[in-house]
Every structure is written in structure tokens, then in C-alpha cells.
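Please examine the structure shown here, chain by chain and then across the contact between chains. The paragraphs that follow lead from overall organisation to individual elements.

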Amino acid sequence: MTKRRMFLRMITASLLRRRSRMLIALLSIAVGATILSGLVTIYIDVPRQMGAQFRSYGANMILLPKEGTHMTAESLQEVLGVIPEAEIVGASPYRYVRLDMPSRQQSFITAGTEFSQVQKTSPYFSVEGAYPEKTREVLVGKEIAETLGIKTGSSIELHYKTSGTAGQGQAADAAAGETLTGSAEGFNKVIVTADLVLDEEGKIASVSVDAASQTPGIGSLVGTDRQFLDQFIGKKLPLSLSNTASGEDAADEDHVVDAVTGATISSQAAVDAMNNAVLSGEAAPVERAEQFTVTGILSTGGEEEGYVYMSLPDLEKLTADNAVDVAELSVTADAEVLEEYCRAVSEANPDVTARLVKRVTRSEASVLGKLQALVFLVTVVVLLLTMICVSTTMLAVVSERRREIGLRKALGAADNSIRKEFLGEGLFLGGLGGLIGAALGFGFAQVVSVNVFGSSISFQPLLLPVTVLVSMVIAAVSCQMPIKRAVAIDPAIVLKGE
Amino acid sequence: MLFKMIRGVLYHQRAKMLLIAFTIVLGTSLATGMLNVMWDVGDKVNQELKTYGANITVKPKDASLLTDIYDVGEGEQLSEAYLNEEDLPKLKTIFWAFNIVDFTPFLEADASLPDGTDAKIVGTWFNHHLSLPTGEELDAGIAGMRSWWDVTGGNWLDESEPSAASSVMVGTLLAEEKGWKIGDEITLAGSAKEMTATVAGIYDAGGDEDLEIYAPLDLVQALTDREGKVDRIEVSALTTPDNELAQRAAKNPSALSSRDYETWYCTAYVSAICYQIQEAIPNASAAAVRQVAESEGTILDKTQLLMLLITALSLIGAALGISNLVTASVMERSMEIGLLKAIGARDRSITFVIMVEILVTALIGGVAGYFLGFGFAQLIGQSVFGSAIEMKLKVIPIVAALITLVTLAGSLPAIRMVLRLRPAEVLHGGQ
């Protein structure tokens, strides 16, 4: 029998024969290792998991188009590409437009958005009823609902209007020589359109009116009567009719024209159409209406309760454009990383500015930092105490074997071989206990993660060798003292039992 | 005789007993520390979450949507509704007054600037000193409720200084646009009068506030001739996460049974606090800011559950650690037990003697461990939250029961096992 085999046999024999005691030592190490691997796994994973919980505070980043540019849902998707998809909790585009509700003579800010994303970026929205799923369904803020007595299932008609004044502003900005187009309601509410060109001083250079829809021979003259049309040349916008203008306006030669006799309404329509004129190709003043079903009442405790929410495509249908005013993003990352994303977004699309919602990012950093420190300290304290507990148990188990050591010494065993044997035993127990503990600890961390955060935890491969190693070191260290004491003592005294 | 034996063991085998006592000290301190931290972590984290700002807003009951939704500017004399500034201290008289951490009033107006443009001016308290009828002293204001604002130039207005009455704080974007610096005098014209004020601070709020002016409440009241009036109040309160009862109550408190109502009213649910604020302040309507209130609930629940599970793990660890060692120490004494048996001691008396020895050790270790554990809790409280962890009396019986149970569970089976062995075998040294 070789020396090595003898050594192995001694260790295994001692482990097997002294089952109950070794079981205690093993159990103690396994408990320590479980706590070690469990707590460390949790500690590593807590920032990620807790960070996800903090997303319930809503968006921490907003994207805005730079002044004078437009953002669309498509350009938004493009920009989002620079942020890792796994970190984006949600991204809600918003388009705010004021819509009228003529039946109640009210108007409210209406937000077009994507409801599936809103539920992610604003999980605190509380909807009585349901989020809209189909087209022509809306969510109404609680304040509006209470004031107007709107309930889930109610039907409301919303109107979108562009006013003529918006056109005027654009006409003033238009370059000389460009054709401007405008329209207005004439007699019998039929549309009259006008095209005009301005010179460098903003004076009308040429004009044509399409009034074929008006009463033939009376209203239609507005489009054909040269005397009526020629008087516009050299005038400035806005225009008014001499028989409706009063006071100073009437005397203002630059802005007043005479109506076609007997066709005041059509003349007024032609003047309005010119006042409304915008760059051709732009939308003329319009009014579109749509019926909507209310699927839910929104309460948030904030100003959102005064808004109406509908899907972006519905709002696009009303406004006939696909602009997005702002996008709210909820990203699981800390403030520093978020700042980086902000820069990356601006680089990817210079027309988009990304800004952090300071209230959320700042507060999150401070609270999350505290929570992490809490878990860290708890982990350290628990580990420290547990490890000392493990050593005391090992100490007790080994001390008990003083007699055996004495006997072996009396039989002529060298101090070194005794030390080696006990150390081997300790290391074996440490390794085995560490393995068991690492598995149990991961199980514990998994239970915690699933129960607390509702998601599974990622396995930290490095933690397995670390746990085993730490357990072995602790077992070996705690064996040292009792062995040293036992070896130092005269075998005769030990055997005598004193 | 018993006393003498126990004293003998404690004295002669003090190294072994010390080891047991030491382990029990560690186990107890672990249990005490974790339980104390676990029960206090809710309050502490709740306190931290106050950095997110107010969780309740109070508005006049009849405040219509007018200014909010229809863009009707102030001064157009539509039926405007206000709260009274003098009612504010009443917030600290409600049932959950102690949970109201901070509050501040707001009064908004449009001020015309000398260059012909308008800017939104918000009157508020900065660090308003209140002496309550209850004798309590308190500083309330936005300095504590806008923790995310960076004061990039100057300082927060200090209302205790006389110069504060004619000072304002300006948002960074507005200051940049107008070229204002700290110490500049600006002229503000409100609907009632024109005043000059000194720019005392420039802040970066990262939101719409950056285009606004924040001024002392009195200044805005004088500017628009609305003495003693307030638009809205923001309240920051410590609350208990909502449960099913709170949700039912929030819809309609009067629909609750009287018992449920009492439970609800006497729990710090955000809806209960809102309800009490409405009772205390005439003509007020208080609503929870869901973004803050709801998220607070989620995070508090999660943190508490996390701490509960970690505590459970440490308790199991401590329990196994102690019972392991006790078992080991009993088995170690097999020779002594065999000897006692050989000279005719009855099993019951042997068990009794050993149990008493161990329990006395456990008592000593437990008491020491309790205080050590409390120290650990304070260490965690001070270094993480900068405040002491409250001593919870309910921890004592729990820890006492745990230690007793664990010591018994660790020693009894071991003693019985050793007793089952034949004295001759034990004394002979065989296993």
C-alpha cells in the first residue's frame, strides 16, 4: 500500500466512521457557503433588478426635435437603434394637438401616442376601463371626464382645425415669386381658392381666383372680373373689403379692396382665401372630424388628467401629418450611461436632442445608491458572522479529536503527517461543503429574485470556484488552531484525558 | 449540588463554554441586527424616496380645468378658486401629521418684463419657518422638495434673511436668454403692480421650470393683488403602500364598512392622508400624484421583501450555526456522560444538567449578542441612511424564542443519542 493510498484511506475512513460529527462540520460549511454564494449573487444582481423597479417612475429620457426640424415615428425608431434594445423598457412618441369638441364648445389638448409603449413608460397611469386597442378609440383624462360627464363607452366627436392665421404667417415668410395657395368658404359653404405671388416688398404681384363653384354670373364673377382682380395688384396682406372694414382700416389703401357688386359673400371668400394663402403644397386651412369611442378614463394625479389620448395613426388621420413632438424613453441605465446615450442620439441624428429627466435620474441615483450600500453592508455583516460561526464549529469538531491525535503521536506519527491529514480532511470538507453551498446559494438567490422581482437571476460562473475556495480556506484555517494545540501537547497527557 | 455542577462546568470548561457562548453571541447579533434593519428599512427607504418630490397635490375644489386645459390666462377674471395661505399649518393637525414631511404652496402668475416679453413667475415658500399651535417648529418649502435642482449660481433663497422678500430665483434657460446674473435687479410687472427684485440664485431643473422665475409667495401675491391666496399645495408624505382596501377606499370612502373605514383611516395610505387633508383644509381637493405615490409603493414593497428574504436566510444560517455547535459540543462530552451514567445517574437528570448548562451559556451569549446586533444595525443605519435604526421591542421576544428553540433543537437530540450509547463503550473510547 502506497503512502498516498494510506493517506486517502485515513481521511475517508475517518469521514465515514465519524459520520455524525463530519456531517455537522459539513453542514456548517455548507450553510456558510450557501449564505456566501446566495448573498453575493443577490448583491451583484440587485442594482439591475432594482433599477428595473425604478422604471415605475416613468421616463428618464426625452427626445425632442431641434427647433425648425421635424421628428417622425420612423426617425425615432432609427435614433433608438443607438441604445441597446435590452435596456429600453419603453419608448412612447407623443404628438400634442388641440382638438375641438363643438358639441360641448370645448377644446382640449389631445395627445397621439402608442398605447402599448405608454403602459411601459408610464406604468403609474391608472385607467378605469381599458386602454384603446382599435382605431377611433380614445382615453379621456379624469378631469375632462368629470367636467363633461363622459363615461367609458361614451362617444365623442373631435374636430381638427387649422386656422387661416397660420397661413398668413407663412405667406409673410414666403420668398418673392413663390406661388401661394389658399381657400375659404364662400356662398353656400362651397370652397373658393386663390393663388397669388408676392414681390420683394410683400406686395401682391399677380393673383388668380377659382370661384367656378359660386353662383354662375354673380359669385363666379369673383374669379373672372378683371376690374375686381386687378385692384389686388400692389396691395398687401391681410386684405379686407371696403364695405366691411371700418374706421382706420377702411382708410388703409394698402389693405382694402372693393367687392364685386352683388357678390359680397363670394368676394369676402376670395379675400379670405388670399389671407389664408400659404405656400403651395402646404395644407390649406381645413377642418376634419371623427367620432371616437371612450374606452377608459385616465387618472394620474397630474396634468395628464386634462388631456385626451388617442393612437398616433388616428391623430395622423385628423392632422394629415406624421410629426412627433416629443418621445419619452424609459431606459434601465444609470445617469452616466444615459448621458452617453444622449450624446450618441445627437450624433446619430443631429436634428434630435436627447435630454435626461433630471428629477427621475437624479433621485434614482441617490436612492439606488443607498439601497445598494444597504445590501452590501448587510452582505458583509452576515458573511462575517457566518464565517466565524463556521470556524467555531470546525474548531469544536477538531478539538474533540485530541485523544486520537495523542494516540497517533504515541504510536510514533510525525507531527507533520498529522497536520497534513487533518488539513486534508478540512480541505475535503471545505470543498464538498462549498460545492453544496454554491448550489443551494444559487437556488436561494433564484427564489429571492423570482419572489421579489419576478424575474430569474443570471448565474455568476466565477462565484462557484470562489465559494469553494473560500470554504476550503475557512475550513483549513479553523482546523489549524486545534491541531496545533493537540500536536504541541504531550501524548501521554492527552491520552490520560486531562 | 446542581448549582455546583453547573458552576463547575462553566468555570472548568470555560474554553468550551466560551466557544458556545461566542457562537451564540454571533448568531444572536446576526438575528437582532437583521430583524431591526428589516423592520426599519421601510421607513428609511420611504424617507429616501422623498427625493422624488411631492406625492400629494392639494388644489381648490372648484378649480376648473380653465387655466390648465383651455389656456385661459390668469387675470381674465373667470371664476378663479384659491386656497388660503393661512390654512396651510392645518396640514400638521391631521391624524397622520407626523407623516407629513414637507409641504409648500404655489401661486402662479405672468409677469411682464421690461423688454416686453412675459415670463411665468411662481410664488412659493423656500424654507418658510412655521411655529405651529402644537408648539412644533418646522421649516417647509421647496428647498427640500426639489432635491434634483442644481443651483448653478448664487444660493437657494433663505427666507430668514430680510433681503429674501425682494429676491427671486431664475431658471437657467431664462437667465441665459435675458443675460441675467446673480445680483442683477430685474423689474417685474404683475396685474396689480410693478416691483423690482434681485436675482439671488439661478437653478437648473432640467424641465420647464428652467424658463420660469421662482419668487417668495408674498411677492407674487402683492404683484397680482391676491393677498393670502394660493393656487395649489404640494405635500410630501410618508405613506404605506396601497393594498386592496386602500384601492376600494380611494374610490369612495363612504362605501366602506365602519370597521374597514377605521382601519383605512388609521393607516397611512396615501388616499387616507388625502382624505384627512380635505377634512382639515376647507374647500380643498387633495389627490395622489400617482407617478410618485405608486412607484414608492412598488419600491418599498420590493425592498422590504428583499430584506425579509435576506433576513430569513441569515436567521436560518444563525440557527444552523448555533445548533451545529451545540450538537458538536454535546457529542464531545460523551465520555463525561458515559461516566455519569456508569455511576448511576438517571438519564433525566443528566439531560437536565446539560440543558441547564447550555441554556445558561445561551442566556449570557444571547444578551451580549442582542446588544452587539443592535450595534450592527446602527452601523448599517448610520453608514447607509445617516440616521439611527429604531430599537424595535418585538425583536427581543423573537430572538429569545429563536435562540432557545435552536439551542434545544441542537442539544436534545444529541444528548439522547449519546445517552443511548452503552457507558462501557463510551468510556472505552470506541465509537
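Among contacts in chain A between residues at least 6 apart in sequence, 78% link residues at least 24 apart; two residues are in contact if their C-beta atoms, placed from the backbone, lie within 7 Å. This is a predicted model, in which local features need pLDDT of at least 70 and side-chain atom pairs count only at pLDDT 80 or more, while totals for chains, interfaces and linings use all residues. Residues are numbered from 1 along each chain as its sequence is written, and chains are lettered from A and ligands numbered from 1 in the order in which they are written.

Chain A contains 17 helices and 16 strands, which are DSSP runs numbered from the N terminus (helices H or I, at least four residues; strands E, at least two). Of its 498 residues, 43% count as buried; a residue is buried if 20 or more other C-beta atoms lie within 10 Å of its own.

The contact between the chains draws 61 residues from chain A and 59 residues from chain B. On the side of chain A that touches chain B, helix 13 gives the most, with 23 residues. That side of chain A divides into 31 nonpolar, 19 polar and 11 charged residues, where Ala, Val, Leu, Ile, Met, Phe, Trp, Tyr, Cys and Pro count as nonpolar, Asp, Glu, Lys and Arg as charged, and the others, Gly among them, as polar.

Within chain B, the axes of helix 9 (residues 290-332) and helix 12 (residues 395-420) come within 8 Å and cross at roughly 30 degrees; axes are lines fitted to C-alpha atoms, for helices over the stretch in contact, and angles run from 0 to 180 degrees between N-to-C directions. Helix 9 of chain B and helix 12 of chain B are therefore roughly parallel to each other, a term for angles under 35 degrees. The residues of this contact between helix 9 of chain B and helix 12 of chain B comprise 12 nonpolar, six polar and no charged.

Helix 5 (residues 217-224) of chain B is largely enclosed by the rest of the structure, because six of its eight residues are buried. The buried residues of helix 5 of chain B are Leu217(B), Leu219(B), Val220(B), Gln221(B), Leu223(B) and Thr224(B). Their cover includes strand 3 (100-112), strand 4 (118-124) and strand 9 (185-189) of chain B. Just after helix 5 of chain B, Asp225(B) adopts a positive phi of about 55 degrees.

Key: Angles under 35 degrees count as roughly parallel, over 145 as roughly antiparallel, 65 to 115 as roughly perpendicular and the rest as oblique. A residue is buried if 20 or more other C-beta atoms lie within 10 Å of its own, exposed if 12 or fewer, and partly exposed in between; C-beta atoms are placed from the backbone.
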